[in-house]
Amino acid sequence: GRPVGMVSFVHSTLQSQGFLAFIVVGFLMTALPRFSGTAYASPWEIGAALLGGLVFSAAVGARQWRAAQVGYWILLAALPVFAARRVRRRTKSIPPSFVLLGVGFIHAFAGSALLFVTDMGKNHFELFVVGRQMVEHGFLLCLVLGVTAKTLQKYGAVSSECVIEMAQGVRRITKADFGIAVTGIAGPSGG
């Protein structure tokens with residue numbers, strides 16, 4: 001298993017699940033109403049997402065890994081409820097790339113379920129690694145940028161194929177002429 005008390009583990013968990021999830025949920029709570037011609041997020045919708053994120057962050061800080069995943073599920077649950085309410089009331093066509101919302105959500109939830117079952121790597125470390133990758137890569141890349149699961153599986157997140165799809169996703173989302181994306185392995189040792 002993993003070393004339990006590592007500060008870097010807490011930091012990376014807050015980054016990969018907390019920070020990225022807040023960016024994704026915040027982005028979608030802004031973009032989906034714009035693209036669908038519907039109302040922006042209500043205080044209750046924002047509050048539900050915020051509550052999940054705060055529960056997640058507090059539980060990670062206390063190293064209560066399973067409680068952290070429950071907080072993450074609250075944060076995740078806010079997104080499909082928010083999206084479903086907008087899809088029914090839309091006045092504009094939603095971009096086809098938004099179909100990947102479901103794929104990203106499934107990746108994030110399934111990955112989080114693996115993190116819960118393995119107690120963040122205390123048991124079945126190999127499943128923990130898969131769960132972590134599903135959360136990090138699936139949620140962010142599929143949900144926001146539209147990188148396909150096939151590309152991630154065949155080439156990995158650190159590949160030219162992936163970065164091309166990321167840049168195309170940036171262009172599609174922002175309706176820009178050009179999109180720039182970067183991928184790589186962080187850290188002084190490259191991992």
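# Exercises on a predicted model

Helices α2 (43-61) and α3 (65-88) each supply at least two residues of the nonpolar patch. The exercises below concern a predicted model.

**Exercise 1. Which residues make the nonpolar surface patch, and what is its area?**

Step 1. The patch is made by L51, V55, V70 and I74.
Step 2. Its area is about 280 Å².
Step 3. To place one of these residues, take L51, which sits in helix α2.
Step 4. Patch residues need over 30% relative accessible area. L51 has 48% and is partly exposed.

**Exercise 2. Find the salt bridges made by E45 and state which helices they tie together.**

Step 1. The structure holds 3 salt bridges.
Step 2. In one of them, the side chains of R85 and E45 meet at 2.7 Å, N to O. R85 lies in helix α3 and E45 in helix α2, so this pair ties together parts that are 40 residues apart in sequence.
Step 3. E45 also forms a salt bridge with R86, where the closest N and O atoms are 2.8 Å apart. Because R86 lies in helix α3 and E45 in helix α2, the pair ties together parts that are 41 residues apart in sequence.

**Exercise 3. Are R85, R86 and E45 buried or partly exposed?**

Step 1. The cut-off for buried is under 20% relative accessible area.
Step 2. R86, at 5%, is therefore buried.
Step 3. E45, at 8%, is buried as well.
Step 4. R85 has a relative accessibility of 32% and counts as partly exposed.
Step 5. For the surroundings of R86, leave aside its neighbours within four places in sequence: its contacts then include L32, P33, Y40 and E45.

**Exercise 4. Where is L127 found, and which residues does L127 contact beyond four places in sequence?**

Step 1. L127 is found in helix α5, which covers residues 125-145.
Step 2. With a relative accessibility of 34%, L127 counts as partly exposed.
Step 3. Once neighbours within four places in sequence are left aside, L127 is in contact with L114 and T118.
Step 4. From C-alpha to C-alpha, L127 and G111 are 9.1 Å apart in space, and they are 16 residues apart in sequence.

Note on methods:
Residues numbered from 1 in each chain as written. Predicted model: local features only at pLDDT ≥ 70, side-chain atom pairs only at ≥ 80, totals over all residues. Heavy atoms only, no water. Buried < 20%, exposed > 50% of the residue type's maximum accessible area, 1.4 Å probe, protein only. Contact = heavy atoms within 4.5 Å. Patch = residues over 30% accessible without salt bridge, like charges linked within 9 Å, V, L, I, M, F, W, Y side chains within 5 Å. Areas by Shrake-Rupley, 256 points an atom, 1.4 Å probe, with all protein chains shown as cover. Salt bridge = Lys/Arg side-chain N within 4 Å of Asp/Glu carboxyl O.
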